[in-house]
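Hello,

Here is the structure I promised to pass on. Please open it alongside this message; my notes follow below.

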Amino acid sequence: MTDIDRAHALALLRQMLLIRRFEEKAAELYTLGKIRGFLHLYIGEEAVAVGAMQALTPEDGIVATYREHGQALARGMPAGSLMAEMYGKANGCSRGHGGSMHFFDVSRRFYGGHAIVGGGLPVAVGLALADKLQGRARVTACFFGDGAVAEGGFHESLNLAALWKLPVLFLCENNLYAMGTALARHQAQPDIRRKADSYGMRSDAVDGMDVLAVEAATRRAAEHVRRGDGPFLLELRTYRFRAHSTADPELYRTKEEVTEWKRRDPIDLFTAWLQAAGALSAADLESLETSVAAEIDEAVRFAEAGPWEPVEDLTRDVYTGTP
Amino acid sequence: MPILTADMSAGTLVEWRKKPGDALKRGDIIALVETDKGLIDIEVFTPGVLETIVVQPGATVPTGTVLAVIRDEAATGALPAPAGAPPPAPSPVVPPPPVAPAPPGRLRISPLARKLAAELGIDPAAVRGTGAGGAIRREDIEQAAAARAAAPAERPRAALERQARLRQAIAAAMARSKREIPHYYLATTIDMHGAMTWLAEENLKRSVPDRLLYGVLLIKAVALALKEVPELNSVWRGSEPVRSEAIHVGVAISLRGGGLVAPALHDTAGQSLGDLMRSFRDLVLRARSGGLRSSELSDPTITVTSLGEQGVESVFGIIFPPQVAIVGFGKIVERPWAVGGQLVARPVVTATLSADHRVSDGHRGGLFLAAVDRLLQAPALL
Amino acid sequence: MSKMSYRDAIRSALREALREDPRVFLMGEDVGGYGGAFKVSYGLIEEFGPERVRDTPLCENTFLGAGIGAALGGMRPIVEIMTVNFSLLALDQIVNNAATLRHMSGGQLSVPLVVRMTTGGGRQLAAQHSHSLEGWFAHIPGIKIVVPALAADARGFVLAALRDPDPVFIFEHATLYPVEGEVDEQAGPAEIGRALVRRAGDAVSLVTYGGTLGKALQAADELAVDGIQAEVIDLRSLRPLDTETILASVAKTHRAVIVDEGWRTCSFAAEVSARIMEGGFYSLDSPVARVCSAEVPMPYAKHMEEAALPQVPAIVAAVKEMLVAHG
C-alpha cells in the first residue's frame, strides 16, 4: 500500500468512526432529553455515506433523507453545528429550525434533510436541470432509501431525469426495510437496480458494507453522470444495526438477523483489512478513536453552550426579507 | 429511566439483565423496559460496575428517575447535566389585528350594547364605554341601568362568606395533618428569670416603639436551636423529608373573627431581636388586614404558636404540613423552683414540641427543647 | 395602452420575461408543442425553443419539485400546473418543500419559484375539473397567492412573481382568458399584497377576487338602479391579504358581503369575515354575509352548476336583505 493510499484509507476509517461515535453520542443524549422528536441513526451504514462522498466534488450538490447525519458529517459539516441543530439551538446548522431530520448547508451544497419519503428526488432533478440549463458540469447526488422506491415520485423522477438526460446520481441506500416493512413485502420486483431499466437508465449495485467497493462503484457512476451521459441509479446494499428510530421496538426483524449482519460491520471489516495489510496498528486505531472522541466532546460542548433562538424571531425566515 | 421514545413520560422496568457487582462496558444491555411503543432494551453508555439497583422489576417510574447506580471506573468526560429547559415559550406573539379608527361623530358601540340600550331605554350617547378604544359594551349599558336603580352594597354578607371559607380550609388542613403525620409530643419547663430580667434592662435602653416583647426571644431561641437539630427544619416532599437550608419560623397569629395564619419571619436566625420585633409587628398588622404575601404563607419551615395571652400553661399544636414540627409556648407563670437546693419563685414557661416521628425521634426532639432552654438562659447572645 | 385579452396579457408578460432574463423558463404539461391547454403559451416554443418552453410528462409532484430544485439552482422557473384540480398531486412538494425550505434551513435558502394554475368552475366540466382551491393554498405560510381578475393584473403579477424571492402562486380563473381589458405593456410589475377598489360606493362593501369580480360589478350596477351604491373591492392577493383596504371600506359602508367561488365552509370568505369582525366590529351595522358555492361536488348539468355557483341575483339579494333588516 502506498503512502497516499494509506493516508486515504485512514481518512476513510476516521470518517466512519466519527459517524459511528457521533450517532452513539446522539443516542445517549436522546435518552437524557437533550435531543427530542425523532432520531434516525446511521449506525451500520457508515460505509455508504463515506464511500460515496469520495466520488463527489465540493461543487456537486447533495440531497439526502431524514437519516442524513452520516452524509452531513462525510460532507464536512462541523459536528458541533449538527449537534447544536439536534439540540434545537440557534447555532445549529439550520438555526435550530429543523432538528435531526433537516440539516442544511448551502455553502457545502447540502440541500437537506427531507422527512417526506421520496420528497427529495424531484428537488434533486430540479437542481440537475438548473446545472444543465446553465451549462455547469456538476453532479447532483440524491440519497434515498428502499422505501422511497415505492413512491410515485421515484418513478417520475427517474423518468424525467432520463428523459431530459439530467446529471443526477440516484443513490439508493437499500437497508432492506422501509421502517418496519421488509423489502420483499413492499416491492414486487425487489431487485431495485433493475427498475432503472424501465427508464433506459444505467444502474449498478454494490456491497454497502465495503467502503472501498462503495467508493469505487460511486466513482464509476459519478463519472458517467459527469460526462453528460445522463443519470445513474446506484443501489448500495447495506443494513442498519439500530432501530428505524428511537420509537421502534423492532418487532419486524429477529435479533439473530441483526447479529448476523453485525458480523459485517463496515468499520470492523475495514479495520481488519487495514490491520492485515499492516497499515493500521493498535496505536493508530487508538489515536483515531481519541481524536474522534475529542471532536465529539467538543461538538457536545458547542451545542450545550449554544443560545436558544429568541421567541421574538419566531416568524423570521418565513419569507425572504421578513425582518 | 431514559427517554426512549418521542413522547415518553414514564416506563416500566421489566427485567434487570445485570446484577450488582457486574462489570459493564459501553453498549451492554443492562435492563428491559416497557414503554407504550413496546419492550425496549436499555444500554449502558459509560463503563463501570453496577453498584446498586434502585428500581425493582414491575415498577413504573417517570423518565429521569434513577434506576440504578453505576460506579464509574474510568473518569470519562463529565456528562452534561440533564436537560435544562429552553426558555419558557410565552404565547406566540400575535400582532393585534388592525383596528379601523372610529370616524368622528359616530358612536362606538357594539351591536349587542346597542340592542340592550334600546331595550332598557338608556341613551347610549350618555354612557361611558370601557371597551377597546372607548367602545360601549353590554356591561357599560348594564352598569348605567344599575346605577339608575342603586342597590345597597352587600358588604357584611361577603365578609361572612370569606370567614366560612377560611374555616373550611383550616379544618381540612388540620384533619389531613392528624391523619397523615405520626405526631409525638414533648414538653419542658423553662426558667425565664434570666431572660425576663435581661429583657427589662434591655427595653430600658430602647425607645418605646423599639421595645421587645418576650415572644421574639422565644422565636429567636427556636431558630437558633434548629441549627443544632436541623432535621426539625425539614419540609416533607412526596415521600421523604428534605432539609431546608434556610430557617423561616412561622408565627401563629390569630385573626379577628376567628381563624389562624402562620406567616414566615424570613431568615429568623439571621435577624437581630430588634429586626425580628419589627418584622413580627408588620406581619401581625398585615395578617389582620389581609395583606400577607403568598410567599410568607408558603415559606415557613417550622411554626411557633403561643397561647400566652389566653392563659393556658401549655399548648400542643398540630403540625402544619409540609412542616415536620411545631413548637408551643404557654403563658409565663410564677412557680416554685429549686435553685441550689433552695425554693424560690421563678417565672417559668412550658415549651412543647409536636414533631413528625417519621423525621425525628424523642431523643432528638428532647435535644432541641434542651437547646431552646439553654439559649434562653443566655439572652444577651440571642 | 391597448385592449387585450387576459390570456394575451399573460403571454405578453411571459414573452417579455423569457426575452430579458435567460434564467426564466416555462415548464408544464403541453405548454410547448400543444401551445398551452388554455393557449396562454401559444407561439412561445417557436420563439424560444424546447429547452426554455419545456413540455413535461404527467408528473405534477415531480415537475413542481423540479421547479423548486431549479429555483434553488439559480434558475427562474415558471411552472404551469394545468389546473388547480391537478395541483393536488403536487401538494407534498408545495406544502412540504416550497413553503418550508426557507424556514427549515434557518434562512439559508430562498425558493424563487413561480407557479401558474387555472382555477374555477362554470364550464360544465363536473366535479373533478371545477375546483376553486386557492383558499386552501392561502392557508400556508411561506408562499404567496395572487388572484388577478383583470388582464392588466394577469400580466403585472407574472412580472411581480418573477421578481419575488419566494414562491408565488398565480391563480387564473378559467372563464377570464378571453375577457379583454386595458393593458399597458410598458407597465412594470403589479403590487403583491394590495387590494384595489374597483368601484366606489357607500352602502355596502362587496369584497371579492378573480373570477367573481365581474359578477360583483354586475350586481353593483343592478343595485345602483335602486339607488344602492355598492363599493367593490378586488382583493388581487390572498396571501398577503390587504386587510387595511377592506377595513377602510367597511368603516365607510358599515356592511360587507364577501363573494367567493370556494365552498362556503372554511372558504377564504371565512378568513375575510373574521378579519372584518376583528378589525371592524364596531363599524358594522349588520353581520358580514358570504355568497359562496353550495356544498356539493360540482354538478354537470347546466342549471345545477349555475345553482351551485355564486351568481349575481344572490349577491344582490344578500345586499338587499342587509339593508331591509337594519337600515
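**Domains of chain C**

About 2,000 Å² is buried between domain 1 of chain C and domain 2 of chain C, and carbon and sulfur atoms give 57% of that area. On the domain 1 side, C:Q124, C:A138 and C:V147 supply 27% of the buried area, more than any other three residues. Please keep in mind that this is a predicted model.

The two domains span residues 2-183 (domain 1) and 196-326 (domain 2). Their centres, taken over C-alpha atoms, are 27 Å apart. The contact involves 30 residues of domain 1 of chain C and 23 residues of domain 2 of chain C.

Two salt bridges cross between these domains. In a salt bridge between C:D153 and C:R236, the closest N and O atoms are 2.7 Å apart.

Which elements give two or more residues to the domain 1 side? They are helix 7 (134-137), strand 6 (144-146) and helix 8 (151-163) of chain C. Strand 6 of chain C gives the largest share, three residues. By type, the domain 1 side has 16 nonpolar, ten polar and four charged residues.

**Chain A against chain C**

Here the buried area is about 3,100 Å², with 63% from carbon and sulfur atoms. In chain A, the residues that lose the most area to chain C are A:L133, A:Y319 and A:T320, together 20% of what that side buries. Chain A brings 36 residues to the contact, and chain C brings 43.

One salt bridge is found across this interface. A:D317 and C:R102 meet there through their side chains, at 3.7 Å from N to O.

Helix 5 (120-133) and helix 6 (152-163) of chain A each supply at least two residues to the side facing chain C. Helix 5 of chain A has the largest share, eight residues. The chain A side divides into 18 nonpolar, twelve polar and six charged residues.

**A sheet in chain B**

Three strands of chain B form an open, antiparallel sheet in the order 2-5-7. Strand 2 (23-24) and strand 7 (68-72) each have a single partner strand, so one side of each is left without a neighbour in the sheet. Strand 2 of chain B is joined to strand 5 (residues 48-53) by two bridges. B:L24 sits opposite B:G48 of strand 5.

Best wishes

Key: Residues numbered from 1 in each chain as written. Chains lettered and ligands numbered in written order. Predicted model: local features only at pLDDT ≥ 70, side-chain atom pairs only at ≥ 80, totals over all residues. Heavy atoms only, no water. Pairing = 2+ DSSP bridges. Helix = DSSP H or I, 4+ residues; strand = E, 2+ residues; numbered from the N terminus. Contact = heavy atoms within 4.5 Å. Buried area = accessible area lost by both parts, 1.4 Å probe. Salt bridge = Lys/Arg side-chain N within 4 Å of Asp/Glu carboxyl O. Nonpolar A, V, L, I, M, F, W, Y, C, P; charged D, E, K, R; others polar. Domains from an automatic or database assignment.
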